[in-house]
Amino acid sequence: MKIIRFNEIIGTERQVKCPNGGFVSNRFLLKSDGMGYTITKTIIPEGPPQHWHYKNHLESCYCIRGGGILTSLNTGERHLIRQDTLYVLDKHDDHTFQAISLTELICVFNPPLTGKEVHQEDGSYEVAK
C-alpha cells in the first residue's frame with residue numbers, strides 16, 4: 001500500500017515544470033510504481049493555448065478547478081472544460097488547451113510515464129522505455 005501526498009511531491013523530481021512556463025505536472029504515480037498507469041495533478045496558469053499531442057499515450061483529464069478551451073486540431077471542434085468535467089483523448093487526439101483561469105486537472109496516462117518526460121516540439125511525450 002502506498003500513500004502519496006501532494007505536498008510531498010512539491011520540489012522533488014516528480015514535479016516537472018514545463019520548460020516554457022506553461023504548466024506544472026505533479027506526478028503521483030509513475031512507471032516505477034508498478035501500477036501500469038500514471039496519475040498527475042497538472043496545474044495550468046491562465047494563458048495562451050498549449051499544444052499537446054500524445055502520439056504514444058492515451059490520456060484522460062478530470063478538471064477539479066478552473067477551466068479552459070479544449071480544441072481538436074483534427075476537426076476544429078472546441079469544448080468548454082470546467083470544474084467536474086472529464087475529457088478523454090482516446091484517439092491520440094492532436095489538441096490545444098487554453099486555460100481561461102488557473103486550472104487544475106487530474107490526469108491519467110497509459111502507458112505510464114517514467115517521470116522525466118517533457119513535451120517534444122510536436123506536442124508528444126516519448127514512450128517510456
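Predicted model: local features only at pLDDT ≥ 70, side-chain atom pairs only at ≥ 80, totals over all residues.
Visitor: Where do Lys 2 and Asp 33 lie in the chain?

Guide: Lys 2 sits in the segment before helix H1 (6-9), while Asp 33 belongs to the loop between strand S2 (24-29) and strand S3 (38-44), so their pairing ties together parts that are 31 residues apart in sequence.

Visitor: Are these two residues buried or exposed?

Guide: Relative accessible area is the value to read, and under 20% counts as buried. Asp 33 has 14%, so it is buried. Lys 2, at 49%, is partly exposed.

Visitor: Which salt bridge does Asp 33 form with an Arg?

Guide: Asp 33 pairs with Arg 14, and their closest N and O atoms are 3.0 Å apart. This pair also links distant parts of the chain: Arg 14 is in the loop between H1 and strand S1 (15-17), Asp 33 is in the loop between S2 and S3, and 19 residues separate them.

Visitor: How many salt bridges does the count come to?

Guide: The count is 5 salt bridges. Among them is one between the side chains of Asp 90 and Lys 91, with an N to O distance of 3.5 Å.

Visitor: How exposed are Asp 90 and Lys 91?

Guide: Asp 90 is partly exposed, its relative accessible area being 47%. Lys 91 reaches 62%, and is therefore exposed, since the cut-off for that word is over 50%.

Visitor: Let's turn to Ile 106. In which strand is Ile 106 found?

Guide: Look at strand S8, which covers residues 94-110; Ile 106 is found there. With a relative accessible area of 28%, Ile 106 is partly exposed.

Visitor: What is Ile 106 in contact with, leaving aside its neighbours within four places in sequence?

Guide: With those neighbours set aside, Ile 106 is in contact with Ile 39, Thr 40 and Lys 41, and also with Ser 60, Cys 61, Tyr 62 and Ile 64.

How values were computed
Residues numbered from 1 in each chain as written. Heavy atoms only, no water. Salt bridge = Lys/Arg side-chain N within 4 Å of Asp/Glu carboxyl O. Helix = DSSP H or I, 4+ residues; strand = E, 2+ residues; numbered from the N terminus. Buried < 20%, exposed > 50% of the residue type's maximum accessible area, 1.4 Å probe, protein only. Contact = heavy atoms within 4.5 Å.
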